[in-house]
Each structure stands twice: as structure tokens, then as C-alpha cells.
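Reader: I have a structure to study for my course. Could we go through it together?
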Amino acid sequence: MKIGFIGAGKVGFTLGRYFSMHGINVTGYYNRTSRSAMEAAEFTGTRYYETVNDLIRDSEVIFITVSDNAIAEVWEQLKELQIRDRIICHCSGALSSAVFSDINNYDCYGYSIHPLFAVNSRTESYKELSRALFTIEGSEIHREQLADIVRACGNKVVFLNPEHKVRYHCAAVFASNLINGIMETAVAELVQCGFEPSDALAALAPLSINNVEHLEDGSLEAALTGPVERGDTQTVKKHIDNISGDSRAIYILLSKKALQIAKRKNPERDYSKMEELLNG
């Protein structure tokens, strides 16, 4: 299947390069800013399209890789063009294919295809995309064909129901963006111990990375360590007594989550005192 991209930002660059390097036929790019489309075409070894009509003519699958709040606007523009039998996809984590309003009236098929991955660079993120799981939501008619494209690149695919998209995206935010919030909290505590912020982050990052790598290779239970898992109520109480405000609230809430994992890991261990402390 021939894939064309409307939008030449980080996601468009990344998916175009990733698909091309795995032998998928990428036709090229159209973008309102022609320079970005030219750069994307050069980066992926594909074609720059001066008009969206030409891109649609040459492509069976159209990926709309623009910001979430612009997807509906682009779709409204596409409705005026010759899009019959085209497969229309967007890459939003939070939006479902319902953003393509009345798509059945245009004899098209709509999908949301989302890599569960933080795309933070136009030119580098494709190198790490092989580790990402992709989710696909939309019409059943071409869903397997789209999944086969992703699988041909070596990635796992999970199909989502449209009503689950927001919760799915929320989970991704917990695992990605909100980690930064946790690190901000940890850095602030080390700064109070006399660290410079940059030194604190440099010191904490390997600790966090090591734990995440263990998650990838094993399980939540296997990766969990620390005073909650050990049932060390004295240490946990000292922590709670020495921090305040949001940091204290975050510590307690996340310790309760850790306790849930600890109970699964060590079903024979009595965590009643830890539970009482955290609920106190």
C-alpha cells in the first residue's frame, strides 16, 4: 500500500523514515509550509508534493500527521477532494477515528494509528521506534492491512475500541510525561540537601533508567525494591515526616501503589502495619 503524509512535523518525519527503511512504499509529503515538506521528502527519500490533490492521487493511505487540534480542520478540507476508497489515518493518542466525521458518506475508511512512544526528534526518533507498540482503532475493513504494515516493521499491534482512546492516552501520560513530574519532585528534595539542580538530575537519572529497564525485561513485581516492598515502616515513616506539601502527598499516593505490587510479589508477607501507616 502506498502511504502519503499530510503534515511534516516530528511524527511525520519519524513514521515516513521508519516505514521507508522497512520497505514500505511512502509516496511523500504535503505541508502548508513547503520547506518542511521538502525537508521531510529529502529525509525519507520520497517526494515533495506541491498540492494535496497530487498526494491523494498517488497514495492509497493518507496519514494526517498534524497537531491534534488541526486534524478535524484537515479532514474538512479533504472532504472537498477526490478521496473515494482512501484510507485516512491520524496519529493522535487521545482522539479516535470519530474525528473523521461522516467518513462513511465519502466512501473512505478512518483510523487512529498511534505508536506508544515519545517522538521528540524529527531526525532521531525513528532509530528507537522498533521498541514501540502500535495501537490501531477504526473500521474493521482495512484494519488488518494496516496492522500488517506495522508488523512488517517488526512492531507489535494492539487493536483499541474508540471509547478506550482517552483512557489509553492517560496511561501513556502516566508512564511518560508524568515521570518528569516525579523527577522534578525528587530533584527538589536533593536540592534541599545541597545539590545543584543539574547535578541532582544527573545523579537520579541512572537510578530511574535502571528501574525502567528492569520493567521492560521482567515485571512490576520483579522490578520493585525499596522500603515499601521490604515492609520497612520505620524508614517510610521517617520519609513522610521529613517531607511536606505536594511531595508528601505524592510520596504517600505512589507508596500505596507500590504496596499493591508488593502484596502481589510477597503474598506471604504481612503488610498490615505499612498499610496502616500509609492510610494514617
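Predicted model: local features only at pLDDT ≥ 70, side-chain atom pairs only at ≥ 80, totals over all residues.

Reader: What holds paired strands together, in general?
Author: Strands of a sheet pair through backbone hydrogen bonds, either parallel or antiparallel.

Reader: And E4 and E5, do they run parallel or antiparallel?
Author: Strand E4 (residues 61-64) and strand E5 (residues 87-90) run parallel, and four bridges join them. Ile-64 stands opposite His-90 in E5.

Reader: On to the loops. Where is Ser-97?
Author: Ser-97 is in the loop between E5 and strand E6 (109-115).

Reader: Is Ser-97 buried or exposed, and why?
Author: Ser-97 has a relative accessible area of 14%, and it counts as buried because the cut-off is under 20%. Leaving out residues up to four places away in sequence, Ser-97 touches His-90, Gly-110, Tyr-111, Ser-112, Glu-137 and Gly-138.

Reader: What about the backbone of Asp-85? What is its phi?
Author: Asp-85 has a positive phi of about 70°, although it is not a glycine. Asp-85 lies in the loop between H4 and E5 and is partly exposed, at 45% relative accessibility. Asp-102, in the loop between E5 and E6, also has a positive phi, near 55°.

Reader: New topic: how many salt bridges are there?
Author: A search of the whole structure finds 18 salt bridges. One of them joins Arg-57 to Asp-58, with the closest N and O atoms 2.9 Å apart. Asp-58 is buried, at 19% relative accessibility.

Reader: Which residue forms a salt bridge with Glu-275?
Author: Glu-275 forms a salt bridge with Lys-263, the closest N and O atoms being 2.9 Å apart. Glu-275 lies in helix H13 (residues 272-279) and Lys-263 in helix H12 (residues 245-265), so the pair ties together parts that are 12 residues apart in sequence. Glu-275 is partly exposed, at 33% relative accessibility, and Lys-263 is partly exposed with a relative accessible area of 33%.

Key
Residues numbered from 1 in each chain as written. Heavy atoms only, no water. Pairing = 2+ DSSP bridges. Helix = DSSP H or I, 4+ residues; strand = E, 2+ residues; numbered from the N terminus. Buried < 20%, exposed > 50% of the residue type's maximum accessible area, 1.4 Å probe, protein only. Contact = heavy atoms within 4.5 Å. Salt bridge = Lys/Arg side-chain N within 4 Å of Asp/Glu carboxyl O.
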